[in-house]
Amino acid sequence: MKIEIKNLKKKFNENFVLKDISLTLEKNKSTIILGESGCGKSVLIKTIYKLFGFDSGSILYDGKSEVDIDKFSMLFQYGALFDSLKISENIAFTDFINNKTNFERKVHSLMNDVGLNKSIFNRYPSELSGGMKKRVALARALYKNPKVIFLDEPTTGLDPINSDKINDLILKVVAKRKITAVTITHDIKSAIKTGDKYYFIDNGIIQDNGDCKKILKTKNKIFKSFISGAKY
């Protein structure tokens, strides 16, 4: 799915969080949204996801203003797994809550895709490491075969080795499933590795954008300052 955003503005009370955002999320590509906490990137993602409305501008989904949000999926920053549910039930949550029972084969397939051993099928999140929980959350995000996946700080809380493994998985699943991926991150190394194009937001405005492989060559002073204080 291709998503085009033009002159988007969003305010809370009288405070504009998004001041004039224009960008394109290319179909089957990985776009990285960078910026300090509070810059507006999370509000942007939630607006694209139709969790928020907006004040002016436009968002087109494959050229249309309306979209079925069931085509979207989210990998939350801290996984947001349900402690009382088994790993299989977490992954198949959309079917589990609707009392469907024939999800075992699909869950096993997804677990294999994200590198999880079938032995944890009936375990609980409290029994898993941080890296394994992140894989479970990724499997859950992929369960409904989304056209667009949003990844909120996918490497947060992980050591460098597990961060690299998650980055590799993201690359793998985006390519294999031909998904449009949108990632919020402070992890510059992750952005360079997993992204095709980046947008840097500061104070509700896009200050810089370009090829992720050329992030470190930016000439934008505000973005350079961000990079120097970010994880790299």
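The accessible surface of the protein chain, computed on a predicted model, comes to about 11700 Å². Carbon and sulfur atoms account for 48% of that area. Buried residues make up 48% of the 232 residues in the chain.

Charged side chains were also counted. The protein chain carries 40 positive and 26 negative side chains. The centres of these two sets lie 4 Å apart.

The secondary structure of the protein chain consists of eight helices and nine strands. The radius of gyration is 18 Å, close to the 17 Å that the globule rule gives for 232 residues, so the chain is as compact as a globular protein of that length. The C-alpha trace spans about 50 × 40 × 30 Å along its principal axes. Contacts were then sorted by sequence separation. Among those between residues at least 6 apart in sequence, 67% join residues at least 24 apart.

Cysteines were examined next. A disulfide is a covalent bond between the sulfur atoms of two cysteines. The structure holds zero disulfides. Cys 39 is in no disulfide, and its nearest cysteine sulfur, that of Cys 212, is 15 Å away. Cys 212 is likewise in no disulfide, with the sulfur of Cys 39 as its nearest cysteine sulfur. A pair counts as a disulfide within 2.5 Å, and the distance here is 15 Å. Cys 39 has 4% relative accessibility and therefore counts as buried. Cys 212, at 0% relative accessibility, counts as buried too. The cut-off for buried is under 20% relative accessible area.

Technical notes: Residues numbered from 1 in each chain as written. Predicted model: local features only at pLDDT ≥ 70, side-chain atom pairs only at ≥ 80, totals over all residues. Heavy atoms only, no water. Helix = DSSP H or I, 4+ residues; strand = E, 2+ residues; numbered from the N terminus. Rg over C-alpha atoms; globule rule 2.2 N^0.38 Å. Buried < 20%, exposed > 50% of the residue type's maximum accessible area, 1.4 Å probe, protein only. Contact = heavy atoms within 4.5 Å. Areas by Shrake-Rupley, 256 points an atom, 1.4 Å probe, with all protein chains shown as cover. Lys, Arg positive; Asp, Glu negative; His and termini not counted. Charge placed at Lys NZ, Arg CZ, Asp CG, Glu CD.
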